[in-house]
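Please look over the model below. My notes follow as numbered points.

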There are 4 protein chains.
Amino acid sequence: MRLLPKLGRKFRRWKKFKKSPLLRKLDLLHETARKRAFLETSQDYISRLQAECDENVVTKLRGKTRDQFLYNGTFHEAVGKVLLTAQFFAMMPVRGVTAKHPSSLSFSWLHVRTCCCLLFITSTLIDLTLTIFKVLDGPISFNNIKPIIFRGCILLVCMTALNLARKWPELMMHWHDIEQDLPQYQTQKEKWRMAHTIHMVMLVGMMLSFAEHLLSMISAINYASVCNVTDDPLRNFFMLTNDEIFYFMGYSPPLALWGKLQNVYSTFIWNYMDVFVMIVSVGLAAKFRQLNDNLLKFKGMHMPPSYWSERRIQYRNICGLCGKMDNAISLITMVSFSNNLYFICVQLLRSLNQMPSVTHAVYFYFSLIFLIGRTLAVSLYAASVHDESRYSLRYLRCVPKDSWCSETKRFADEITSDLVALSGMKFFHLTRKLVLSVAGTIVTYELVLIQFHEDQNLWDCDQSNYS
Amino acid sequence: MRLLPKLGRKFRRWKKFKKSPLLRKLDLLHETARKRAFLETSQDYISRLQAECDENVVTKLRGKTRDQFLYNGTFHEAVGKVLLTAQFFAMMPVRGVTAKHPSSLSFSWLHVRTCCCLLFITSTLIDLTLTIFKVLDGPISFNNIKPIIFRGCILLVCMTALNLARKWPELMMHWHDIEQDLPQYQTQKEKWRMAHTIHMVMLVGMMLSFAEHLLSMISAINYASVCNVTDDPLRNFFMLTNDEIFYFMGYSPPLALWGKLQNVYSTFIWNYMDVFVMIVSVGLAAKFRQLNDNLLKFKGMHMPPSYWSERRIQYRNICGLCGKMDNAISLITMVSFSNNLYFICVQLLRSLNQMPSVTHAVYFYFSLIFLIGRTLAVSLYAASVHDESRYSLRYLRCVPKDSWCSETKRFADEITSDLVALSGMKFFHLTRKLVLSVAGTIVTYELVLIQFHEDQNLWDCDQSNYS
Amino acid sequence: MRLLPKLGRKFRRWKKFKKSPLLRKLDLLHETARKRAFLETSQDYISRLQAECDENVVTKLRGKTRDQFLYNGTFHEAVGKVLLTAQFFAMMPVRGVTAKHPSSLSFSWLHVRTCCCLLFITSTLIDLTLTIFKVLDGPISFNNIKPIIFRGCILLVCMTALNLARKWPELMMHWHDIEQDLPQYQTQKEKWRMAHTIHMVMLVGMMLSFAEHLLSMISAINYASVCNVTDDPLRNFFMLTNDEIFYFMGYSPPLALWGKLQNVYSTFIWNYMDVFVMIVSVGLAAKFRQLNDNLLKFKGMHMPPSYWSERRIQYRNICGLCGKMDNAISLITMVSFSNNLYFICVQLLRSLNQMPSVTHAVYFYFSLIFLIGRTLAVSLYAASVHDESRYSLRYLRCVPKDSWCSETKRFADEITSDLVALSGMKFFHLTRKLVLSVAGTIVTYELVLIQFHEDQNLWDCDQSNYS
Amino acid sequence: MRLLPKLGRKFRRWKKFKKSPLLRKLDLLHETARKRAFLETSQDYISRLQAECDENVVTKLRGKTRDQFLYNGTFHEAVGKVLLTAQFFAMMPVRGVTAKHPSSLSFSWLHVRTCCCLLFITSTLIDLTLTIFKVLDGPISFNNIKPIIFRGCILLVCMTALNLARKWPELMMHWHDIEQDLPQYQTQKEKWRMAHTIHMVMLVGMMLSFAEHLLSMISAINYASVCNVTDDPLRNFFMLTNDEIFYFMGYSPPLALWGKLQNVYSTFIWNYMDVFVMIVSVGLAAKFRQLNDNLLKFKGMHMPPSYWSERRIQYRNICGLCGKMDNAISLITMVSFSNNLYFICVQLLRSLNQMPSVTHAVYFYFSLIFLIGRTLAVSLYAASVHDESRYSLRYLRCVPKDSWCSETKRFADEITSDLVALSGMKFFHLTRKLVLSVAGTIVTYELVLIQFHEDQNLWDCDQSNYS
């Protein structure tokens, strides 16, 4: 038995020679290249570790410049400020979102952010209860239940976000591990790209949402000034925008303030849930693109099977990450989509009404276009995850005949047969095809709903369904 | 020619050496492990056989304790009490459902349970005929044919269940054979899991169904007390709930009793058909999970091709079992789904009516939510079979490069290309996507049906379509 | 260079020895079996050829007995009498449909059958023109254009059938070649099966169609006897059933006879087009089953690659045949489906009308149920082609590990990736899923159409849209 | 280490001998055939290059004859005259469309064609603005916004075409490179086929469009002569056809001329966008057919892996080209499809109106049939790209057992898993299945829209929605 290993070793050495010299040379070349790359990565890693250790000192010393230099292109880093903003509106109470490393993340029920969040949830729950009682007092229609749907969605999203916050540190660590394993970008610009997209999405989304809220206030002020129930313009305004509160209780400034705060927060969260889905999509798509960029670099070249095996495992890791994130946020995705679907139907129906004034018209059409645009943006950003995941197939199609091996075959088969995409609780997957079917559904429902529509006089001051 | 086999043998021995020593050692290790496992299984088998032989004695001696110890995790065992309960309501007249081994199962046309079942079928047939005559006497509408649909479905399901009962012993033997061949759980808790889920499904389903029936009775009593046609409250009640009988015949207590029994049995079966589909789904999904749990245990490890070949054959066996069960119960599935679809549409339409009293409202909304919840539960449990069958693919994705062989490839291809799921007579497959399309269909039909809706005064005592 | 072939030969001989003796023995066994089978087939072929040559003599001598003995299980043979029947109704004018061998088939423009066919087409064209003028004279609605659709479809099918007749001899020769190549059944019963199914489909279809025509006549006679326009009951009857003729021309017995003949022929063809699609489906499905029966015989056994290669080529041939037949008849399929869809919608709409008499009601509901049943039968028979083509996959799943080779892999991949089914001009494929979507479409259209429905008094003698 | 390459070489030589002599001979044969083919191609290439160089001289000398002789079957050549025609209508301002070689193509913002195009875009923009103001002045309905949709689509297509013109030279060079690499046709007839189809599509499309425009003018003249607002018949005519201009401005001949020109150009472009999609589809499908024709030539023969590798790469190239063209024109495809969908719905709705005169009826039904026919033609031509791309699979199914290798497997897998088709911005792919779903959508929308329809008196001279 002792001889066998020896024999086996010899045999394997002989097998090596079977390869054509050219191929062997190529393999050697690649191996060398990989080794060098590995060394570089290691050094990079060591230097980064050192950099992270010294960071506290360094940042104090050199300020912003060094920070810019240390851009590492992780999702955690890119999403930090976005989450911080959200925390001002009682969403996702995780500590350490702006820290350099995701290991600093932590969640605690006792932390002040968590308490704020719980407070807001309680407050929304009360508001929702008041709204339900108010709406059930009158006749129920597709149009009238809008405030219930709106506040119900806000509450659901807040609670899901709180639950997500508990899992966030672990998710980010998982994300970080996978990111470290991916082929790294060399330039700062490439590392900065994803963060830039995420910041732009957040900025544009919030800007438009702010503009819409302003217009809604102007429109309400205009409306309140005409239908002046009382002498106090401020009171008129609050009794209009928070009618569910003052339907049961008498007017008092603290209640009005609470109502206003509730409105502002709700509006933010209503927009933020779409933005959040977009941001996660951008992050996942960027990871697939990072892999694809590496595949592009070696497109059509003779690569050893080990190269493909490595890429396949990385691809698999991102798929796993995608599945994990989908499990975590699919309820938010579901709420975001059904919410948008319902609101578009309602607003399109309302568009048949005669507008009472120009202010109303401007607000209404801005709001409608913003709503449709936002829905489209969510759909397309979410679909980009699926698109990017399929993109790798293109590079596999260009593998030369001689390099086509069991590993490439397996890689191609896996991409072909798996459906990698965000989903609404697995009931539907977010791909480009979905956009068309959603549009078709809206048109069909609209055509049917239109038959029950009766023109409402929006200038009627007695109406209770202003919002 | 004599030399050749010898040469061939030598050649094969030489081929063995070609493998790297590491791989060979691994193979040896796995082989040893498998042999040990096999021995254990054999011993387990022998001991179980012995246990089963001695059971009568043993159980007498040690009572419950021993029984608990002998939990074997088969579907037959888990489903025994459920079927026994159903037999009290004239469903599935098979003898030996609570026996330890499926070989004790038998069906006979002469057995008392079969006779009960046939009696109930005859009784339902008469009831259905009376209903049809009563309904055809008035105007026909989407809403009015409800009693026909209800009793027709009951009759169809009963007859299918009778037919299923004839095939049940054979099905359970097949199931048992496949279960014996699967990788066994080691702990009692894992073995107990499936049975627990099945019992919970049955319990919750029946509890809610019982609650609904009670509410329906309270609501009917309330209604009958207001519209008192005669002085006898009991008579009023029965003339309301069994109007199809007393439409043609005069009131008599035996007829009333028959009507009541018929109602109770029908209500049970109406709920049981959904529960039955759920239970079979739970069983099938559990078998896939049993396989997946084994795959999870060896996830990412170097396993010999024989391991994968064995798993593939086991997977194939469960798929075959799934197909067999689908053929046997797909008519029940079909009836259950179309029935639920129709009832949800009718109830949603009725929800537009003004409720005559609080009792009615409570009963109506409880019934509607129960109906929607039940439909969703059936869909999701049935979809879990498909989900679990796809899950194995994940473990195949993690097979290391060196262990990737023709067998793993074949396994992965088979999972990818086959659609393993319960179906409604092969016209539709029960997957998660179906839920959305069913919901979409309900909304569309509802929007169209709503146009023909005229508000009925449910407090009108003359109306004949109470039920 | 001379040495090389010798060396190569030696090498191959040596390669043979590499196989394990068991496998080699198996291969030998199979080879012997195949050779024997081949010899048998050859002898069978020779004897059949002889039998065919001697047939004229033989049949004279022994009558029916010998004929029964010679059942060869070809589609040409099975479909002979069906086509002959159709030819009495001016369809598919091919000569030699009842001949033993498809080589006797021929088409000629000058043959008397072709002339009959052309005559009928001209006659239908005239009838259609009259109908169009009559219908356009009044208001056009979904319901009123029924006669145009009916006669237009008849005309289209007749012309397609004439075109098909030209290609029929070639198609049958192709079919015959493929059938000869398939694994043959050994018993007469198995050979007789397909022919039996085809004959039963034709018989049942024509019986029901005849019954429906009789009922339609009785209903028309009943109607005519009440609304007696003139004293002559025969004249009343013809003026009712052929109103499109007598709308423009005065009544005359020859015209009435022409109208009656036209009616009988149209009714036959209207039913025959569905029956024809069913028959072709039965034929194609039977060929797939013939292959599957062979696969079943060797299920789970160790077969050499040559076995699988042979089966794969046979499978491929049937797929090719399926594609050829689909190209030839897909216009008929399309017409048959859209026609049935339209008629079901119209009849369901009419079912809302109050029936004027019991005769009408019986005729109407028999007609409606027959229509729905026929549509369902066409769908299911056509879908069986697809089902059978997928069935082969099951046997491939059971190929043992050692026999799994490149050929089996290729076979499985081809079955998985190809969609083998009849189609409606490639716009839709006839699978079981189609049935559900057709049913869904009918329900949706019906719900929308119902809104335009106004109850017509069918007892009104002045109405012109009786048919 | 020096010995190894030598050893390796020897080993490979020995490996060659392992092949059976027959196979080796076949390989040799194929190799020789390929080499000869290559040589021929090279010579062909050289001669073509020479021919192209000498062209200017040659054509002057021999005129048309030589030109005919030099037909090279490229898309650039085939599409030249079509693009030239389009340029007369301010579309696609690229220079050099009729040149022999695509390298002569160029785009410049300063060229006169580009200026014309920009001028027309500006003019359309003004027209669209006027139309919007005119339409918004009255009530808005599904029917009334037709002029906005019409002019908006024209504008969008013009701008997309201008953008496409900038990319056209590069696209054509890419196309040319791929065409050079494809297996070449030998006969002039085969080379001429694609160009012929493209010219026929353009000719028939433009003829019908011209006929429709003439009919529209006759109908308008007829209408204007009855509703003579003024004494000047020309003025009446222009005030009818260009009501959006004279709604705001007084009548003046230059404005009328501008309106007329705008109408003619718009009508051309409205038809041309469909024709353009068809032409590109014909081109792409022809390239796939060119490859398929080569595969057909060697169908079922023993070909070396290199043959399949080459074909696979060519197939891949055409797929890449298809993707590139799709990216470039998918906005046009999208506009073309949604435009057609909308117009068919509107026209079908209008078909319920009573036609005021025979001229109107002729124009209307010609226009409707033309519209439906054009939509169907676009769908089917576009679907042919997908059909042809799948067709290659058939030849791969016939590869003999011995020639089945890793390359054929890879080729087959790629065809199976990729969806090669033109698309509407990736939201939907243009396959034959789309036709049915578009038809279903039209029927459904029509059935719903019909409910809002009120018969308009088209003979009412005051109406403003004539067009």
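1. B:Met92 sits in the loop between α4 (75-88) and α5 (112-137) of chain B. Helices here are DSSP runs of H or I with at least four residues, strands are runs of E with at least two, and both are numbered from the N terminus. The phi of B:Met92 is near 50°, a positive value in a residue other than glycine. B:Met92 is also buried, at a relative accessible area of 2%. Buried means under 20% relative accessible area, exposed over 50%, and partly exposed in between, with a 1.4 Å probe and protein chains only.

2. C:Met92 is placed in the loop between α4 (75-88) and α5 (112-137) of chain C. Its phi is positive, about 50°, although C:Met92 is not a glycine. C:Met92 counts as buried at 2% relative accessibility.

3. A word on conventions. This is a predicted model, where local features need pLDDT of at least 70 and side-chain atom pairs count only at pLDDT 80 or more, while totals for chains, interfaces and linings use all residues. Residues are numbered from 1 along each chain as its sequence is written, chains are lettered from A and ligands numbered from 1 in the order in which they are written, and side-chain values use heavy atoms, leaving out hydrogens and water.

4. Chain A in outline: 14 helices and two strands. Of its 467 residues, 49% are buried. Take the contacts in chain A (heavy atoms within 4.5 Å) between residues at least 6 apart in sequence: 79% of them join residues at least 24 apart.

5. An unreviewed UniProt entry annotates "transmembrane region" over residues 110-136, 148-165, 201-224, 268-288, 328-349, 361-383 and 434-452 of chain A. UniProt positions are in the numbering used here, feature names are shortened, and annotations may be inferred rather than shown by experiment. What does the model show over residues 201-224 of chain A? The chain there is 100% helix and 0% strand, with end C-alpha atoms 34 Å apart. Residues 268-288 of chain A are likewise 100% helix and 0% strand, and their end C-alpha atoms are 30 Å apart.

6. Helix α13 (residues 406-417) of chain C passes a length check. Its twelve residues should span 16 Å at 1.5 Å a residue, and the end C-alpha atoms are 16 Å apart, which agrees. The expected span is 1.5 Å times one less than the number of residues. Nine of the twelve residues of α13(C) are buried, so this helix is largely enclosed by the rest of the structure. Among them are C:Glu407, C:Lys409, C:Arg410 and C:Phe411. What covers them? The cover of the buried residues includes α13 (406-417) of chain B, α11 and α12 (358-397) of chain C, and α12 (358-397) and α13 (406-417) of chain D.

7. C:Ser309 belongs to helix α11 (residues 305-350) of chain C. C:Ser309 is buried, with a relative accessible area of 8%. Residues up to four places away in sequence aside, C:Ser309 touches C:Glu407 and D:Lys401.

8. B:Leu295 lies in helix α10 (residues 253-297) and counts as buried at 1% relative accessibility. Beyond its neighbours within four places in sequence, B:Leu295 contacts B:Tyr307, B:Trp308, B:Arg311, B:Ser392 and B:Tyr395. B:Ile369 lies in helix α12 (residues 358-397) and is exposed, with a relative accessible area of 59%.

9. A disulfide is a pair of cysteine sulfur atoms within 2.5 Å. The sulfur of C:Cys345 is 14 Å from the closest cysteine sulfur, in C:Cys153, too far for a bond. For D:Cys322 the closest cysteine sulfur is in D:Cys319, at 6.9 Å, also too far for a bond. C:Cys345 is buried at 3% relative accessible area, and D:Cys322 is buried at 3%.
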